[in-house]
Amino acid sequence: MTQGQGRPRHFPMSEIDAAAVLRIGIIADTHGLLRPEVERAFGGVAHIVHAGDIGSPNVIAGLERIAPVIAIRGNVDTGGWADQYPETRMITHGGCRIYVLHDIKTLQLDPVASGVDVIVCGHSHRPGIETIGGVLYLNPGSPGPRRFNLPVTVATLDLTPNGPAAVIHHLGAV
């Protein structure tokens, strides 16, 4: 995926002031590791979305010290602690519909027909931003234990009257 922006939709000016921005921290594939750099990258976010492979309830507890967290379960999230997390979530923030799943290959809905503005996924550990059919696809990569030579990353998603816009943040961690 390459960097891009979504389309304007679901953002009536009466609902959101023209200068307003709602920033959401997007994270996936922590695999039990919450690096201190994540807190800096997520400074000022209103919410955090975790797209699975949390790895430990301690990760969610750490993220909740930054902002309220919505999380889903990934393929490594097993055991009683993970039962509370669904495999997918449809959420709405700032008039933007966001569908969260762990592995994009398991997507079973038509985002356009379902009125989805943003698809958030993880699993591959490869960060990316791409717009397809007017839907913004966002994979924040992974800030967990380094895998192969992939970068250590998270993302932020800004919800504005002009639509959603995402940025990948390289944490520079080793």
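**Entry 1: layout.** I read the elements from the N terminus and got β-α-β-α-β-β-β-β-β-β-β-β. That gives two helices and 10 strands. I took helices (H or I, at least four residues) and strands (E, at least two) as DSSP runs, numbered from the N terminus.

**Entry 2: ground rules.** I am working on a predicted model, where local features need pLDDT of at least 70, side-chain atom pairs count only at pLDDT 80 or more, and totals for chains, interfaces and linings use all residues. Residues are numbered from 1 along each chain as its sequence is written, and side-chain values use heavy atoms, with hydrogens and water left out.

Entry 3: I looked up burial for the 174 residues of the protein, and 51% count as buried. Buried means under 20% relative accessible area, exposed means over 50%, and partly exposed is in between (1.4 Å probe, protein chains only). The protein exposes about 8,000 Å². Carbon and sulfur atoms supply 50% of that area. The areas come from the Shrake-Rupley method with a 1.4 Å probe; for residues, only the protein chains shown count as cover. I then turned to contacts, meaning heavy atoms within 4.5 Å. Among contacts with a separation of 6 or more, 51% join residues 24 or more positions apart.

**Entry 4: cores.** I searched for nonpolar cores, sets of buried Ala, Val, Leu, Ile, Met, Phe, Trp, Tyr and Cys residues joined through side-chain atoms within 4.5 Å. The largest has 21 residues, and I26, I98, V100, V120, L138 and L157 touch the most other members. Two or more residues each come from strand 1 (22-27), strand 5 (96-101), strand 6 (118-120), strand 8 (135-139), strand 9 (153-160) and strand 10 (163-170). Another core, of 17 residues, lies apart from it, with V38, A41, V152 and L171 among its members. I listed the neighbours of V100, not counting residues up to four places away in sequence: V49, H50, A51, I72, E87, T88, R89, I91 and V120.

**Entry 5: pockets.** I ran a 1 Å grid over the protein atoms alone; a pocket is an open set of points with protein on both sides within 12 Å along at least five of seven lines, a cavity is a set where a 1.4 Å probe fits but cannot get out, and lining residues have an atom within 4 Å of a point. Points are joined across faces, edges and corners, and a volume is the space filled by probe spheres set on them. The largest pocket has a volume of about 240 Å³. Of its 13 lining residues, E87, T88, L101, H102 and T106 are closest to the centre. I sorted the lining into four nonpolar, six polar and three charged residues. For these classes, Ala, Val, Leu, Ile, Met, Phe, Trp, Tyr, Cys and Pro are nonpolar, Asp, Glu, Lys and Arg charged, and the others, Gly among them, polar. The second largest pocket has a volume of about 180 Å³. Its lining has 12 residues, with D103, I104, G122, S124 and N139 nearest the centre.

**Entry 6: cavity.** I found one cavity of 30 Å³ or more in the whole structure. The largest cavity holds about 40 Å³ of space. Its lining is H125, S142, G144, P145, R146, R147, L150 and P151.

**Entry 7: positive phi.** I checked H125 again, in the loop between strand 6 and strand 7. H125 is not a glycine, yet its phi is positive, about 65 degrees. H125 is buried, at 5% relative accessibility. H123 lies in the loop between strand 6 and strand 7 (128-132), and its phi is near 80 degrees. H123 is partly exposed, at 29% relative accessibility.
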